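Please look over the sequence and the structure below. This short report then takes up a few places in turn.

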Amino acid sequence: MCIRDRRESALNQLKELKQEAEAASGDEAKLEECRDKLISSIERCTAAGVGEVSSENLLVDKLNQEINTILVKSNAEIELREALNDASDEVSREPNLEELTSKRDRLSAAIDRAQLSAIDVSNEMDKLNELDNSVLQTEENTEAELQLANARHSVKETSLDDNPTVLRSLHNSLEKAVERAEKVGIEVAEDHQTLLDLNKKIDC
């Protein structure tokens, strides 16, 4: 085949593949096949002395972008599904703040990436709100327990002190801790008795 025939054959193939690539759509594999065939055809044209293939190179870039978009979306879908499964798994019998926060943060990050790929995340948002509430509740429980423990410790440490000012301060601290603890379901029956005992000592 003479040079002119090779150039004409290469150009005809490139024209056909360009049209095919411009109309290409679908999954990653189909787009990659169109891109690879187009790249081979461009190389064939270059070897045959066809110099002007800039529009075809731009089309290769466009196909690469579309492939990358599909890959990013696919990865985001996988990450979102795994994060939701993790968030939906039953937490330990007494869930700790670290466990809940880890699940929430992982799901939140997956949702953010999924939204960039226009993936519907309505179900995941419902779960995220649920986790947010659980984290807040666990934080409140932990802080209430700590406040109550500190108030109890202070009462115990100064149990022999008869100073009315000190006793009132202890009573107020314990009373606030008891009120907060009751709201989150902590047992405080003994603390109510301690408050009564403090009142008696203050009135003496």
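## What counts as contact

Contact here means heavy atoms within 4.5 Å. Keep in mind that this is a predicted model.

## Val50, in a loop

Start with Val50. It sits in the loop between helix 2 (28–47) and helix 3 (54–88). Is Val50 buried or exposed? Val50 has a relative accessible area of 8%. Buried means under 20%, so Val50 counts as buried.

Which residues does Val50 touch, once neighbours within four places in sequence are left aside? They are Arg7, Leu11 and Cys45. Take Arg7. In sequence, Val50 and Arg7 are 43 residues apart. In space, their C-alpha atoms are 6.7 Å apart.

## Asp191, in helix 7

Now turn to Asp191. This residue belongs to helix 7 (residues 189–203). Its relative accessible area is 4%, so Asp191 is buried too.

What does Asp191 touch? Not counting residues up to four places away in sequence, its contacts are Leu148, Arg152, Leu174 and Val178.

Next comes the surface. Glu175, Glu179, Glu182, Glu187 and Glu190 form a negative patch there. Which helix gives the largest share of this patch? Helix 6 (residues 164–183) does, with three residues.

Glu179 is one of the patch residues, and it lies in helix 6. Its relative accessibility is 44%. Partly exposed covers the range between under 20% (buried) and over 50% (exposed), so Glu179 counts as partly exposed.

Terms used
Residues are numbered from 1 along each chain as its sequence is written. This is a predicted model: local features need pLDDT of at least 70, side-chain atom pairs count only at pLDDT 80 or more; totals for chains, interfaces and linings use all residues. Side-chain values use heavy atoms; hydrogens and water are left out. Patches are made of residues with over 30% relative accessible area and no salt bridge: like charges are joined within 9 Å, nonpolar side chains (Val, Leu, Ile, Met, Phe, Trp, Tyr) within 5 Å. Accessible areas come from the Shrake-Rupley method with a 1.4 Å probe; for residues, only the protein chains shown count as cover. A salt bridge is a side-chain nitrogen of Lys or Arg within 4 Å of a carboxyl oxygen of Asp or Glu. Lys and Arg count as positive and Asp and Glu as negative; His and the chain ends are not counted. The place of a charge is taken as NZ of Lys, CZ of Arg, CG of Asp or CD of Glu. Helices (H or I, at least four residues) and strands (E, at least two) are DSSP runs, numbered from the N terminus. Buried means under 20% relative accessible area, exposed over 50%, partly exposed in between (1.4 Å probe, protein chains only).
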